[in-house]
Amino acid sequence: MTEEADRVPARARGVPPRPAAADPAQEARRFEALVAEVHQPLLRYLLRRTDRDRAADVLGDTLLVLWRRRDEVPDDAALPWAYGVARRCLANSRRGQRRHAALVARLTVLDPPRPVAGPEDGAAPDPDLHAALARLTRAEAEVVTLWAWEGLSPSEIATVLEVTPNAVSIRLHRARTRLRALLDEAAAKDDDTSRTRDERGTEER
């Protein structure tokens, strides 16, 4: 390029101007505000889906992705967007765990490790509900727990799952209908069990 061309403004030559450098202190404050908003909801989201150690690891991976992609975080949907990141990080962690487990199984056939107990959170507060959730498909369970546990709207769930709000509404309706039917089925079985127990008690007396 000639010296004369160098003196011509970049915009006049058709070259886009270089974006102004972001203020590091301002970027840090913006990210700190984002972390303050999403940290606890993300931790609860992960603890409902995995053990404490993996939740902590995945949370760290999620925050790292949020930092790297902080310019892409939508101001009006930061938490659903962060849930989507956490969901993918958790899936990556599980895939890595499966690969690791397969390798360990091949290396320790003669001396397999003992199973590790999960976190001691006590008994499930509603065993019928947890049993019913376990009978849903993975897609059904995911959408209904995002709605019930995380309190997300269909449009926010759509951001997490990267699908349309209409698809979420249909999936959520089906999941809730099936979950309700499973809970009704469990309640009917409990009633039958109680009735049988009462009848046996009467006969013994």
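Predicted model: local features only at pLDDT ≥ 70, side-chain atom pairs only at ≥ 80, totals over all residues.
Let me start with Tyr45, which counts as buried because its relative accessibility is 1%, buried meaning under 20% relative accessible area, exposed over 50% and partly exposed in between, with a 1.4 Å probe and protein chains only. Residues are numbered from 1 along each chain as its sequence is written, and side-chain values use heavy atoms, with hydrogens and water left out.

The structure holds two aromatic pairs, a pair being rings of Phe, Tyr and Trp (its six-membered ring) whose centres lie within 6.5 Å, with planes under 30 degrees apart called stacked, over 60 edge-to-face and the rest tilted. One of them joins Phe31 and Trp67 in an edge-to-face arrangement, at 5.0 Å centre to centre and with 75° between the planes. Since Phe31 lies in helix H2 and Trp67 in helix H3, this pair ties together parts that are 36 residues apart in sequence; helices here are DSSP runs of H or I with at least four residues, numbered from the N terminus. Phe31 counts as buried at 16% relative accessibility, whereas Trp67, with a relative accessible area of 32%, is partly exposed.

Tyr45, with which I began, forms a tilted pair with Tyr83, at 5.1 Å centre to centre and with 40° between the planes. Here too distant parts of the chain are linked, with Tyr45 in helix H2 and Tyr83 in helix H4 (residues 78–107), 38 residues apart, and Tyr83 counts as buried at 2% relative accessibility.

Now to the loop between helix H2 (24–47) and helix H3 (52–68), where Thr50 is found. Is Thr50 buried or exposed? At 15% relative accessibility Thr50 counts as buried, and, leaving aside residues up to four places away in sequence, Thr50 touches Ala55 and Leu90, contact meaning heavy atoms within 4.5 Å.

Finally, the axes of helix H6 (residues 138–148) and helix H7 (residues 154–161) come within 10 Å and cross at roughly 130°, where axes are lines fitted to C-alpha atoms over the stretch in contact and angles run from 0 to 180 degrees between N-to-C directions. H6 and H7 are therefore oblique to each other, given that angles under 35 degrees count as roughly parallel, over 145 as roughly antiparallel, 65 to 115 as roughly perpendicular and the rest as oblique. In this contact Glu142, Val143, Leu146 and Trp147 of H6 meet Ile157, Val160 and Leu161 of H7.

Terms used: Helix = DSSP H or I, 4+ residues; strand = E, 2+ residues; numbered from the N terminus.
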